[in-house]
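These are my notebook entries on a structure that I am reading for the first time. I record what I looked up, entry by entry.

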Amino acid sequence: MSKSNAGSYTLTDNQTGQNFELPVLHGSIGPSVIDVRRLYAETDHFTYDPGYTSTGSCESKLTYIDGDEGILLHRGYRIEDLAENSDFLEVAYLLLYGELPTEAEQTKFDSDITYHTMLHEQLINFYRGFRRDAHPMAIMCGVVGALSSFYHDSTDITDPHARMVAMYRMIAKMPTIAAMAYKYSIGQPFNYPQNNLSYAENFLYMMFAVPAEDYEINPVLAKAMNRIFILHADHEQNASTSTVRLAGSSGANPFACIAAGIASLWGPAHGGANEAVLQMLNEIGHKDNIPEFVKKAKDKDDPFRLMGFGHRVYKNYDPRAKVLQASCEEVLGDLGINDPLLELAVDLEKLAREDEYFVERNLYPNVDFYSGIILKAMGFPTSMFTVLFALARTVGWVAQWNEMIEDPSQKIGRPRQLYTGPAERPYVGLNKRG
Ligand code: SDX
C-alpha cells in the first residue's frame, strides 16, 4: 500500500497488479483513518484486525485520547480540569449535549435526574431472587436488563424524546440499583433516594445510611466520590462501550444495551481490574515480595499480569491514574487512614517502571491501579469496585449509544472473518464413520 497523497492510499494487488484507491478521512485532531468501506466490494478481501488494534469503528465527538501524550479530553476539556473543577452531572450534561451547561441548564438537568432516581417498587423483588453472596455485578446485569420490562415508554429508539427519557432514567437509577445490590449483600434494608442530596451524596447515603440513626454526609467522601465518577465517565471506544454500540446497532432497547455493557466491563482485563488490583496487592502483601510478582508478570508461561498496569491506548501515564494517585494521598490523609497498600502500590509502580520489560512496552499504571485504594478507604467492599465503574460509565455508554443512533451512517455492526475451518465435505452416516 502506498500513500498517494493526503487524501488517499493506493492498494496494489501484487498478483494482478491492479490498484485500488482508498480514501483517507481526517478528524479534527488525532490520527486520520483509511476508509475501507468499499474494500470488500472492490477487492474481494476483508481487513484483518483481531482486537481492533488499528480499527476505527465509528466517528465520534465525545472523547479524545492521545495515548502517546497521556491526554484525555471530553468534548475538548481535559480530564484533569474536569476532575478538579466540575461536577459529575455537569460532565454528564457535557457528554450528552456537547457544551458545558449554563446555570439554568444545569439546574434543570440536575432536577430531571433527581426525579428519576427511584425504582419501580416491583423491581425490588428481583433482588430477593439472588443469593445474598451473589456478586453485585451479576445483580447489576440482571436488574438493568430487567428495566426494559418496566419502562416500555422509553424503549422506542427512533423517538428522540424516548431516548432522552431512557438515558436520564439510566443515569438516575444506576446509583439506586448499585446501592441496593450492596445493601442486599449485607442483609440491610434498602435506602430510598433523597432528593435534597447531590448525585454523589445521594449515592453515599443509599450505600451507608441505616434506619437506626441519622446519616451525616462526609464532605471528603462526597468530593472523592464525585471525582471518581468523573474520572470513569467515558473513554472513547473501549470494550464495554463498543459492546453497547454493537448491541444498539441491532436496534435493541437501551436498557438491554447497557446491561450488555455492564457484562463486558466486568472482565478483569477491563473494568474488573480495579477489584483485581486490590486482590493482587493483598496477595503481594509486602514490599519484599514485589520482585517475585514482577517476575511472574514478565513470564510468558505465567498467565499472571500486573493488574492496573498497561493499556491498549495509553503508552504513557493514564492521566486518570495520576489524578487518582494524588487523590489517594488527599482522601486517606483527610480520613486519617494509613493504608499500607498505598505505599505498596507506589513501590510496585516504581519497581515496575524501572524494569525494561515494562519500559520497552510502555506499560504504565491505568485508571484501575489506584482507584481501589481510595474506594477501600471510603468503605466500599472490593466486590463493589466494578459496580462503581459501571455506575459512572453509564453516562458514557448512553451518550455513545445516542450518538450512534443519531449517526446517519450507522449500520448494524457485523464484522467478517478469516475462515480456517474445513472446506465443504459430504455428510457421513454414523455406520460409516471410523
Ligand atoms: C480499563 O480501553 C479502555 O479505555 C479501558 C479503560 C476504560 O476507561 O474503559 O481504560 C479501563 O479497562 C483499563 C485496563 C484495565 N486492565 C488491567 O489493568 C489488566 C492488566 N492489563 C493488561 O491485561 C493489558 O495491559 C490490557 C488488557 C489493559 C491491554 O492489553 P493489550 O492492549 O491487548 O496489550 P497486549 O496484551 O498486547 O500487551 C502488549 C505487551 C504484551 O507483551 P508481548 O506480547 O509484547 O511480549 O505488554 C504485555 C503483554 O504481555 N502486557 C503486560 C501487561 N499489560 C500488557 N505484561 C504484564 N502485565 C500487564 N499488566
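**Entry 1: a buried threonine**

I began with Thr10, which is placed in strand β2 (residues 8-12). Helices (H or I, at least four residues) and strands (E, at least two) are DSSP runs, numbered from the N terminus. Is Thr10 buried or exposed? Thr10 has a relative accessible area of 9% and is therefore buried; buried means under 20%, exposed over 50%, and partly exposed in between (1.4 Å probe, protein chains only). I then noted that the side chains of Thr10 and Glu21 are joined by a polar contact of 2.5 Å. A polar contact is a pair of N or O atoms within 3.5 Å; within protein, one must be able to donate a hydrogen and the other to accept it, and residues adjacent in sequence count only if both atoms are side-chain atoms.

**Entry 2: basis of the values**

I note that this is a predicted model, in which local features need pLDDT of at least 70 and side-chain atom pairs count only at pLDDT 80 or more, while totals for chains, interfaces and linings use all residues. Residues are numbered from 1 along each chain as its sequence is written, and side-chain values use heavy atoms, with hydrogens and water left out.

**Entry 3: the ligand**

Which residues are closest to the ligand? I found His235, His311, Arg312, Arg320 and Arg393 to be the closest of the 24 residues that surround the ligand; a residue counts as near if one of its heavy atoms lies within 4 Å. By class, this shell holds ten nonpolar, seven polar and seven charged residues. Here Ala, Val, Leu, Ile, Met, Phe, Trp, Tyr, Cys and Pro count as nonpolar, Asp, Glu, Lys and Arg as charged, and the others, Gly among them, as polar.

I looked up polar distances to oxygen atoms of the ligand. The side chain of Arg393 has an N or O atom 2.8 Å from a ligand oxygen. For Asn366, a polar side-chain atom lies 2.9 Å from an oxygen atom of the ligand. An N or O atom in the side chain of His270 is 2.9 Å from a ligand oxygen. The ligand on its own has 1,100 Å² of accessible area, and the protein covers 77% of that; accessible areas come from the Shrake-Rupley method with a 1.4 Å probe, and for residues only the protein chains shown count as cover.

**Entry 4: His270 and Ser240**

His270 sits in the loop between α11 (254-265) and α12 (273-284), and its relative accessibility of 17% makes it buried. The side chain of His270 also makes a polar contact of 2.8 Å with the side chain of Ser240. Ser240 belongs to helix α10 (residues 239-249) and is buried, at 0% relative accessible area.

**Entry 5: helix α3**

At the N-terminal end, Asp87 caps α3, with a side-chain oxygen 2.9 Å from the backbone nitrogen of Leu89. After α3 comes Gly98, with a positive phi near 95 degrees.

**Entry 6: salt bridges**

A salt bridge is a side-chain nitrogen of Lys or Arg within 4 Å of a carboxyl oxygen of Asp or Glu. How many salt bridges does this rule give? I recorded 18 salt bridges. One of them joins Glu330 and Lys223, whose closest N and O atoms are 2.8 Å apart. Glu330 lies in helix α14 (residues 319-335) and Lys223 in helix α9 (residues 219-231), so the pair ties together parts that are 107 residues apart in sequence. Both are partly exposed, Glu330 at 29% relative accessibility and Lys223 at 43%. A network of salt bridges links Glu84, Lys223, Arg227 and Glu330.

I also noted the salt bridge between Glu42 and Arg38, with the closest N and O atoms 3.6 Å apart. Glu42 is partly exposed at 38% relative accessibility, whereas Arg38 is exposed at 51%. In another salt bridge, between Lys296 and Asp302, the closest N and O atoms are 2.9 Å apart.
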